[in-house]
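Here is my note on the model, for reading alongside the sequence and coordinates.

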Amino acid sequence: QLQLVESGGGLVQPGGSLRLSCAASGFTVDYYTIGWFRQAPGKEREGVSCISSRGGSTYYEDYVKGRFTISRDNAKSTVFLQMNSLKPGDTAVYYCAALRAGTTVQNMCGRFRSYVMNYWGKGTLVTVSS
């Protein structure tokens, strides 16, 4: 079955850290730009961070810049999101998505509604609370 599977979510106190993983099953991620997105309760889905197929380009939305780091291991068909200095406002379901069409990481994150992603994961819940 061709799919993306997120893991690593959970409950963490403000200021804490989590590392999310996005693993591809049934295909390799080598030719895909991968992005992390999130959706908080009652809010629209928004971009978080995106990484190019070889990892040479990354993009972060302003609200996570300096706190989150995206990386990928194509040999393991896995993309990671290291989240540090977490805030209650980071509470959301985090999704990863893969896009094969040629685009910039900035466009994939900032204009993701303009694209039909090849794959979406089902999400992992991150709760930041004391």
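Predicted model: local features only at pLDDT ≥ 70, side-chain atom pairs only at ≥ 80, totals over all residues.

1. Searching the whole structure turns up two disulfides. Counting the bonded cysteines along the chain, their pattern is 1-3, 2-4.

2. Cys22 and Cys96 make up one of the disulfides, with 2.1 Å between their sulfur atoms. Cys22 sits in strand β3 and Cys96 in strand β9, so this pair ties together parts 74 residues apart in sequence. Their C-alpha atoms are separated by 6.3 Å. The link of Cys22 and Cys96 is right-handed, with 75° about the S-S bond.

3. Are these two cysteines buried or exposed? Both Cys22 and Cys96 are buried. For Cys22 the relative accessibility is 2%, and buried means under 20%, so Cys22 counts as buried.

4. Cys50 is joined to Cys109 by a disulfide, S to S 2.2 Å. Here a strand is linked to a helix: Cys50 belongs to β5 and Cys109 to α1 (residues 105–110), so the pair ties together parts 59 residues apart in sequence. The torsion about the S-S bond of Cys50 and Cys109 is about 110°, so this disulfide is right-handed.

5. Cys50 has a relative accessible area of 0% and is therefore buried. Cys109, at 1% relative accessibility, also counts as buried.

6. Turning to the packing, the largest nonpolar core contains 29 residues. Which residues have the most contacts inside it? They are Leu4, Trp36, Phe68, Leu81, Met83 and Tyr94. Two or more residues of this core come from each of β3 (18–25), β4 (33–39), β5 (46–51), β7 (68–73), β8 (78–83), β9 (92–99) and β11 (124–128).

7. Leu81 can be followed in detail. Neighbours within four places in sequence aside, Leu81 is in contact with Leu18, Arg19, Leu20, Trp36, Val48, Ser49, Phe68, Thr69, Ile70 and Tyr94. Trp36, Phe68 and Tyr94 are in this list, and they are also among the residues with the most contacts inside the largest core. Apart from that core lies another, of 10 residues, including Phe37, Tyr59, Ala97 and Leu99.

Key:
Residues numbered from 1 in each chain as written. Heavy atoms only, no water. Core = buried A, V, L, I, M, F, W, Y, C linked by side-chain atoms within 4.5 Å. Buried < 20%, exposed > 50% of the residue type's maximum accessible area, 1.4 Å probe, protein only. Helix = DSSP H or I, 4+ residues; strand = E, 2+ residues; numbered from the N terminus. Contact = heavy atoms within 4.5 Å. Disulfide = S-S within 2.5 Å.
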